[in-house]
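User: Could you walk me through this model, one question at a time? I'd like to start with a helix and then move on to the pockets.

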Amino acid sequence: MAEETTNPVQAAPAAETPAAAVPATPREAVLTAALTAPPARPDTARKGSPLLVFLTVLLVLVGIADVILWGVAGYYFLRSAKSKDGEEPAQSVLAGGAQTQSASDAGAASGDEAKRAALEAYIREIDEVQKLANETMDSYASVSGENYTSDAAIYAEITERTLPLCQQTNERAAAVIPGDSEISEVHAIYLDNSAKYLEALNMLVSAADNQDAGQVEEANARFTETVNLSGNFNQALQRLAAERGVSLAVA
């Protein structure tokens, strides 16, 4: 196509000296060669102009086609780049946020379950301690109040049975390890109650040994404190169980 393009432009009338043939040029130089060629005579221009116009239009169309093709390619390239750099990371961020939220929810649920398990374990353990405490109170009740028969009987029961049971109760209660700080606060009330009950029993024994009525009054005051502490413990434990959705009748 290059040879057909240049021959009409370089052709001269038969009367003039024949011009040297123009070597073929690449496609990019065709339009430049046509524009820089010396003006042709009218008759030559009439013969060469249709081909030149055709080539010029063809080159322009080719250039437009190249621009369109590169434009389309550039559009899809940019779209692909946005998809990789923008949309996918955004989706990843959203997915990551959802995963973080899910992880957070799972962590909260796991924490709540751990609290419930800790309180259930405490209730089971304190129930075992309370069995000893109940034996202690039953032993004292068997010789006091309506069951009182003599000072000798009450002294023997307290020293031989009630005090040893109360001491075992204190030891078992002190060995309990609460699962968290809230349970520790509740258990501290139980420890205080158990300790004061032991003090009251020791005061009764001392009052009998020393025949001191004043110590009997002090012992009775300690027993009253234990009643109040027992009520405070039960209320605190019930409140914590309600907050954590735990039954006090844990198997």
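This is a predicted model: local features need pLDDT of at least 70, side-chain atom pairs count only at pLDDT 80 or more; totals for chains, interfaces and linings use all residues.

Analyst: Happy to. Residues are numbered from 1 along each chain as its sequence is written, and side-chain values use heavy atoms, without hydrogens and water.

User: How far apart are the end C-alpha atoms of α5?

Analyst: The expected span is 1.5 Å times one less than the number of residues. With 30 residues, α5 should therefore span 44 Å, and the model agrees, with its end C-alpha atoms at 43 Å.

User: Which residue's side chain makes a polar contact with the side chain of E157?

Analyst: E157 sits in helix α4. Leaving out residues up to four places away in sequence, E157 touches S139, S142, V143 and T162, where contact means heavy atoms within 4.5 Å. The side-chain polar contact, at 2.5 Å, is with S139.

User: What is the volume of the largest pocket?

Analyst: A pocket is an open set of points on a 1 Å grid over the protein atoms alone, where a 1.4 Å probe fits, with protein on both sides within 12 Å along at least five of seven lines; lining residues have an atom within 4 Å of a point. The largest pocket has 22 of them, with Q130, M137, Y190, N193 and S230 nearest its centre. Its volume, the space filled by probe spheres set on the points, which are joined across faces, edges and corners, is about 460 Å³.

User: Which element gives the most to the lining of the second largest pocket?

Analyst: This pocket has a volume of about 300 Å³, and D151, I154, L204, A208 and V216 are the closest to its centre among 15 lining residues. Two or more residues come from each of α4, α5 and α6. With 5 residues, the one that gives the most is α4.

Notes. Helices (H or I, at least four residues) and strands (E, at least two) are DSSP runs, numbered from the N terminus. A polar contact is a pair of N or O atoms within 3.5 Å; within protein, one must be able to donate a hydrogen and the other to accept it, and residues adjacent in sequence count only if both atoms are side-chain atoms.
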